[in-house]
Amino acid sequence: ETLQRIVSTLVNKNDEIHDFIDMLNHTISNVQVNSSNAISELDEEFDGLYSVLHEMKGSMANTIQQEEARKIQALQDQLSQCSRALESSEELLELAVQTLDIKNPVELLEVENTDWMCVRQVLASVSVWNI
């Protein structure tokens, strides 16, 4: 009878161990499913974030390009005005050099009356740029 109880107890313990093993296998399966679901959700979340960041990048790049175009246009306008002012200044310099070479006072008066308008234009364009 004692042996019978021992055998019965061993059978019960074996059944408990089998039940525990089944529970562990079920838990492992649940952990795997939960992990897989968590990774899928994470992938979806990061895909969404990447999409938003990609849109923001495009918008910011567009803003930078527009600002670049505006600044370049303003600088090109200044460059054109400075080039015109330089051209006028060079003409005035040439006129001044020619005037220095005039020996006849009558010719000098004619040059002075004719070219003062040119001098005023050059000075006006130079003063606009504080040159």
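Which residues form a negative surface patch?

## Basis of the model

This is a predicted model, in which local features need pLDDT of at least 70 and side-chain atom pairs count only at pLDDT 80 or more, while totals for chains, interfaces and linings use all residues. Residues are numbered from 1 along each chain as its sequence is written, and side-chain values use heavy atoms, with hydrogens and water left out.

## Overall fold and burial

The protein chain has 2 helices and 0 strands, these being DSSP runs (H or I of at least four residues for helices, E of at least two for strands) numbered from the N terminus. Helix α1 has 100 residues and reaches 142 Å from its first C-alpha to its last, close to the 148 Å expected at 1.5 Å a residue, where the expected span is 1.5 Å times one less than the number of residues.

Of the 131 residues in the protein chain, 5% are buried (buried is under 20% relative accessible area, exposed over 50%, partly exposed in between, with a 1.4 Å probe and protein chains only). Within α1, the residues A85, L92 and L95 are buried.

## Surface patches

The negative surface patch is formed by E41, D43, E44, E45 and D47; patch residues have over 30% relative accessible area and no salt bridge, with like charges joined within 9 Å and nonpolar side chains (Val, Leu, Ile, Met, Phe, Trp, Tyr) within 5 Å. A salt bridge is a side-chain nitrogen of Lys or Arg within 4 Å of a carboxyl oxygen of Asp or Glu. D47 lies in helix α1 and counts as exposed because its relative accessibility is 53%.

A nonpolar surface patch of about 460 Å² is made by L3, I6, V7, L10 and V11. L3 is also found in helix α1, and L3 is exposed, with a relative accessible area of 62%.

Conventions. Areas by Shrake-Rupley, 256 points an atom, 1.4 Å probe, with all protein chains shown as cover. Lys, Arg positive; Asp, Glu negative; His and termini not counted. Charge placed at Lys NZ, Arg CZ, Asp CG, Glu CD.
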